[in-house]
Amino acid sequence: MSSGRSRSASVPHLHPWWRPFREALAQHGSPEEAKPMQAYMKDVAPFFGVKATPRRALFKEHLAEHGPPDPLELPAIVRSAFAAPERELHHTAVDLLVKQARKLSPDDLPWIEELITTKSWWDTVDTLAVHVVGTILKRHPKDVARWNRRWIASEDLWLNRTAILFQLRWKADTDRALLFANIERHAARKEFFIRKAIGWALRAFAATDPEAVKAFVQAHALSPLSRREALRKL
């Protein structure tokens, strides 16, 4: 137990379902751990100082004691966690959504989009893109074009990244034309997180169709970072 107890003051508007869990995080937090965690995430949010493995163990205990949330309350519960300051609550809300992803539908994508654009950094955005958005859209292919159009054309970098990454685990079900079109659209971008996403998406698809990825990389002017990431395992 650490001096994290000093961080246990209640957060206004935090959903009651979260309060015992937040108290547990405060009790197990470590200011010494919090500083490097916060610095690594570029100060996107403060941390209690609870690493992923113990945090997930605490959440497992929380679920065992309090049960899963009412599905009808899930949007409010997750939004409530993202409105709280500490990053461990954001991470745990994302973990909760990953567990629930197969029960969600395209009707949930508007509020999931809110999460992608709230306190945005790769640690929450990538999991939401690949394991939540990707799971939903793979089960509802008729909705892919509409949401992809919205995100790939957005002025928000993190929604662009979501459009590039949501098919990351689709393997043979990947819409190759869509993936390549998304990458072509943003290939000239200078932002690290777009260039990295392009390389990551191509590397993942290369496990399914290496020749297509090789041909695409050879035919397009990609950044050195994107090219290196794309070809890393080829």
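Predicted model: local features only at pLDDT ≥ 70, side-chain atom pairs only at ≥ 80, totals over all residues.
User: What pattern does the chain follow along the sequence?

Analyst: Reading along the sequence gives α-α-α-α-α-α-α-α-α-α-α-α-α.

User: How are helices H1 and H3 placed against each other?

Analyst: Two packed helices are described by the angle between their axes and by the distance between those axes. For H1 (residues 19–28) and H3 (residues 52–66), the angle is about 145 degrees and the axes are 10 Å apart. The crossing in which H1 passes H3 is right-handed.

User: Which residues make that contact?

Analyst: From H1 come Pro20, Phe21, Ala24, Leu25 and His28, and from H3 come Arg55, Leu58, Phe59, His62 and His66. Sorted by class, the contact has 6 nonpolar, 3 polar and 1 charged residues.

User: Which residues of H1 are buried, and what do they pack against?

Analyst: Phe21, Arg22, Ala24, Leu25 and Ala26 are the buried ones in H1. The buried residues of H1 pack against H3 and helix H5 (87–100).

User: Why is the pair Glu33 and Lys51 called a salt bridge?

Analyst: Start with the general idea: side chains of opposite charge can pair when their charged atoms come close. The cut-off is a side-chain nitrogen of Lys or Arg within 4 Å of a carboxyl oxygen of Asp or Glu. Glu33 and Lys51 meet at 3.6 Å, N to O, so the pair passes the cut-off. By this rule the count comes to 16 salt bridges.

User: Why does the pair tie together separate parts of the chain?

Analyst: Glu33 is in helix H2 (residues 31–40), while Lys51 is in the loop between H2 and H3, so the pair ties together parts that are 18 residues apart in sequence.

User: What makes Arg150 and Glu113 a salt bridge?

Analyst: Their N to O value is 2.6 Å, and the cut-off is within 4 Å, so the pair qualifies. The pair links distant parts of the chain, with Arg150 in helix H8 (residues 144–152) and Glu113 in helix H6 (residues 109–116), 37 residues apart. Arg150, at 48% relative accessibility, counts as partly exposed, whereas Glu113, at 12%, is buried.

User: How do you know that Asp126 and Arg161 are buried?

Analyst: The limit for buried is under 20% relative accessible area. Asp126 has 9%, so Asp126 is buried, and Arg161 has 3%, so Arg161 is buried. They form a salt bridge, with the closest N and O atoms 2.7 Å apart. Asp126 lies in helix H7 (residues 122–139) and Arg161 in helix H9 (residues 157–165), so this pair ties together parts that are 35 residues apart in sequence.

User: Which residues do salt bridges that share partners join into one network?

Analyst: Lys196, Arg203, Glu229 and Arg232 are joined into one network.

User: Why is phi of Lys119 worth a remark?

Analyst: Most residues other than glycine have a negative phi. Lys119 is not a glycine, yet its phi is near 50 degrees, a positive value. Lys119 lies in the loop between H6 and H7 and, at 30% relative accessible area, is partly exposed.

User: Where is Lys171, and what is its phi?

Analyst: Lys171 sits in the loop between H9 and helix H10 (176–186). Lys171 has a positive phi of about 50 degrees although it is not a glycine. At 59% relative accessibility, Lys171 counts as exposed.

Terms used
Residues numbered from 1 in each chain as written. Heavy atoms only, no water. Axes fitted to C-alpha atoms, helices over the stretch in contact; angles between N-to-C directions. Helix = DSSP H or I, 4+ residues; strand = E, 2+ residues; numbered from the N terminus. Left-handed = near helix turned anticlockwise from the far one by under 90°. Contact = heavy atoms within 4.5 Å. Nonpolar A, V, L, I, M, F, W, Y, C, P; charged D, E, K, R; others polar. Buried < 20%, exposed > 50% of the residue type's maximum accessible area, 1.4 Å probe, protein only.
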